[in-house]
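Biologist: Please take a close look at the surroundings of the ligand. Tell me what lines them and how the contacts are made.

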Amino acid sequence: MDGKSRIDTLNNIQIFAGNANPTLARKVCKYLSIPLGNVLVGRFPDGEIDVKVNEDVRGSDIFIIQPTCPPVNENLAELLILIDCFKRASSARITAVLPYYGYARKDRKDEGRVPITAKLVANLVTEAGADRLLTIDLHAAQIQGFFDIPVDHLLAFRVLADYYREKKLEDFVVVSPDVGGIKIARLYSKNMHIRLAVVDKRRVGPEEIEVGFVIGDVKDRNAIIIDDIIATGGSICQAARILKEKGAKDIYVGATHPVLCGSAAEKLMDAPIKEIAVTDTIPLNEHARSLGTKIKVLSIASLLGEAIKRIHTNKSISSMFSES
Ligand code: R5P
């Protein structure tokens with residue numbers, strides 16, 4: 001979109017969703033008091049993706065809400081085809097909204113003859129025709145640099161921190177399950193005025209974790225483990241076990257993206273964890289729902305809705321986090 005004048009009201013904004021998380025898209029639309037756009041995202045008999053937008057989008061500011069969660073490749077392909085469709089329908093600007101950015105963990109060549117899939121996805125999204133990206137809690141913030149289009153990177157931190165604040169837990173410590181998560185755990189520690197501890201985790205395979213020791217005092221304290229993703233559940237369960245061994249009391253887990261693949265739900269059920277709070281960046285799968293009251297879903301719809309509103313009206317996004 002060329003000038004500010006075209007996008008200073010909510011008049012020419014339209015929000016669409018693929019099949020990845022239409023429930024979240026509807027909640028975002030509710031926050032913005034606009035209807036969810038009418039689009040068919042179906043399948044041809046051979047499995048190819050069939051897309052048809054059923055309303056006029058010419059000159060509109062388009063937001064496509066589509067996390068690339070499992071089934072990752074289906075959801076990614078839907079997103080790319082939707083972007084292509086809106087570009088060809090002469091929309092003014094397209095923002096790809098990926099509340100969860102799949103393939104983010106493949107962000108570097110850490111051994112020979114492996115791809116950097118996070119960069120490939122950035123290329124695909126850009127080449128398909130997206131003008132901007134809006135995302136939440138990237139596995140590594142530097143993935144923003146894989147894009148040559150503007151990226152707005154939101155943090156689910158406030159949603160989770162407010163939740164724990166309301167619980168009024170006493171004597172508790174925030175724990176990063178690995179060294180890579182220290183920065184975000186420190187944000188909680190600083191903002192909630194609580195101590196920080198770190199678990200020394202090493203990944204020895206896609207599903208195998210080795211845990212060494214805990215840096216920081218967790219004995220006789222409640223612990224909140226903060227992570228961006230729970231995938232196989234290996235990192236969180238191992239961290240919970242070592243915290244228990246070191247004398248922690250109740251263990252809570254706060255994570256943004258509940259991928260929960262394979263036997264993650266069973267592992268989490270058996271682990272010494274009192275409660276897992278996650279967000280609705282991606283929907284809970286059937287296995288995860290079997291966790292019942294052990295899992296609590298917090299909505300990031302208003303966070304996302306507010307960011308969309310600000311992008312559309314050219315307002316600052318960073319000021320949403322300025323007190324963090
Ligand atoms: C790792 O660096 C991430 O922050 C998560 O801890 C990890 O991706 C979780 O994966 P899993 O649940 O399979 O251990």
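Modeller: Helices (H or I, at least four residues) and strands (E, at least two) are DSSP runs, numbered from the N terminus. This is a predicted model: local features need pLDDT of at least 70, side-chain atom pairs count only at pLDDT 80 or more, and totals for chains, interfaces and linings use all residues. Residue numbers run from 1 along each chain as its sequence is written, and side-chain values use heavy atoms, without hydrogens and water.

Start with the shell. The ligand is surrounded by 14 residues (a heavy atom within 4 Å). The closest are Arg-105, Asp-227, Asp-228, Thr-232 and Ser-235. E11 gives the largest share of the shell, 4 residues. By type, the shell holds 6 charged residues (Asp, Glu, Lys, Arg), 3 nonpolar (Ala, Val, Leu, Ile, Met, Phe, Trp, Tyr, Cys, Pro) and 5 polar (the others, Gly among them).

Now the polar contacts (N or O pairs within 3.5 Å). Lys-201 brings a side-chain N or O atom to 3.3 Å from a ligand oxygen. For Thr-232, a polar side-chain atom sits 2.6 Å from an oxygen of the ligand. Gly-233 uses its backbone instead: an N or O atom there is 2.8 Å from a ligand oxygen.

Note on methods
Polar contact = N/O pair within 3.5 Å; in protein donor to acceptor, adjacent residues only side chain to side chain.
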